[in-house]
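Visitor: I'd like to learn how to read a few features off a model. Can you walk me through them?

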Amino acid sequence: MSIERVRASLGGISGIHVTPYHADGSLNEDLLAKVVRRQTDAGIHNIVSGGNTGEFFSLTFDEVVRLQAVAFAAMEGSKSVRTAAVGRSLREALATAKLAINAGAEALMSHHPLDPFAAPQAQADYFVAIAEETAVPVVAYLRSDAIPVSEVVRIALHPNIAGIKFATPNLMHMAECIRATSDCAAVWVCGLAEGWAPAFYANGAKGFTSGLVNVDPERSLAIWTALEAGRYDEARGLIAPIAPFEAMRTKFNNGANVTVIKESLSLGGWDVGPVRLPGLPELSAKDREELGRILASIGHPVQTARAAE
C-alpha cells in the first residue's frame, strides 16, 4: 500500500463503523461484518476500524484487536482502504498497530492522546513516534488546539504521515496550519463530519470523516461528490435535512454522538446493541421518537423487525 493511495482515500470519505454487541455485551462479529460490508459496497473510500464512533476507548485491547481483524476480513476484495485506529499509551498503540497490520491494515489512524497532563510538544512527539515505528502510513487525529502550529507542522512533515484529521471547530487555527504546510504532501481532512465539510473544504481541507455512513452512506457520498465539484449549494442542500440528526448527536456534551448512530441502526432493523459506558447507553423515549421522525424525513422509515439478524 503506497502512501499516495492512502492520501487519495483521505480525500474521500473516511467512514468510522460502529461496534455491534450481542445481548451479553460481547462483540457481534457476524453483524459487524455486515455493517462494514454495507459501507464498502456503497463505495466508501476509507474504512476506519476502532474510531470514536466504534467506541474505541470503552473496548479492551483484545476487543480492539479482534474488532479490526473481523472488519478487515469483511473488506476482503473491496477497494476501500483498511485503516486501524490505535491509541492510549504509546506502547499499547504500537502493539495494536503491529497486530492490525498482521490482520491486513493498510494505514493507521492515531487517536489524540488523552492524558490530562500531556504537554503540547509531547503530544506531537506521540504522533511522530507512531509514524516512526510503524510500517504503514499514519493519520494523525488532532482534537485539540493546544498543539502550536510549529508542532503541527512537524507532524505533517513526517514522511510517514499521510494526513491530518483535524477535529476542532477552530477554522482559523486550521487555516494557519494549512498555510504553514502548503508544500507538504499530507492531506488535511475534515474530522467533524458532513456538517462542517463545506467550511473545511473552503479552507483547504479535503474529504471528511463520517458516522452517518453507518446509516446513509449514499447521502454522504452525494455530499462528497458535490463538494469535490465545488457545488456548495448542492452540498448544503444535502446537509440541511440531516442537521437535526447531527444536532441530536451533540447532546450531553457529545455524549449522544454514537448513541444516535446506534439507535438509528436499531430503528432500521440492525440490532447493534447499546453504547457502553461512559457513553450514553440509549436515548430517552422522547428522543428516540424524534429520531424516528428525522430518519423518516430523509427516507429511512423505522422498521419493526430486526432485519439484519
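Guide: Let's begin with Phe252, which is exposed, with a relative accessible area of 53%. Buried means under 20% relative accessible area, exposed over 50%, and partly exposed in between, using a 1.4 Å probe and protein chains only.

Visitor: What kind of model is this, and how are residues numbered?

Guide: This is a predicted model, with residues numbered from 1 along each chain as its sequence is written. Local features need pLDDT of at least 70, side-chain atom pairs count only at pLDDT 80 or more, totals for chains, interfaces and linings use all residues, and side-chain values use heavy atoms, leaving out hydrogens and water.

Visitor: Back to Phe252, then. Where does Phe252 sit, in terms of helices?

Guide: Helices are DSSP runs of H or I with at least four residues, strands are E runs of at least two, and both are numbered from the N terminus. Phe252 belongs to helix 12 (residues 251–254). Its phi is near 60°, a positive value in a residue other than glycine.

Visitor: And Glu55: buried or exposed?

Guide: Glu55 counts as buried, at 6% relative accessibility. It also has a positive phi, about 65°, despite not being a glycine, and it lies in the loop between strand 2 (46–49) and helix 3.

Visitor: Now a helix. How do I read which way its residues point?

Guide: An α-helix has 3.6 residues a turn, so residues three or four places apart point the same way. In helix 4, the buried residues are Ala93, Thr96, Ala97 and Ala100. Seen down the axis, they fall within an arc of 105° (taken from the directions from the helix axis to the C-beta atoms), so they line one face of helix 4.

Visitor: Which exposed residues does the face turned away from the buried side of helix 4 carry?

Guide: Arg91, Lys98 and Asn102. The buried residues, meanwhile, pack against helix 3, strand 3 (81–86), strand 4 (107–110) and helix 5 (120–133), where contact means heavy atoms within 4.5 Å. After helix 4 comes Gly104, with a positive phi near 115°.

Visitor: What about the largest nonpolar core: which residues touch the most other members?

Guide: A nonpolar core is a set of buried Ala, Val, Leu, Ile, Met, Phe, Trp, Tyr and Cys residues joined through side-chain atoms within 4.5 Å. Here the largest one has 98 residues, and Trp188 and Phe245 touch the most other members. Helix 3 (residues 61–74) supplies the largest share of this core, six residues.
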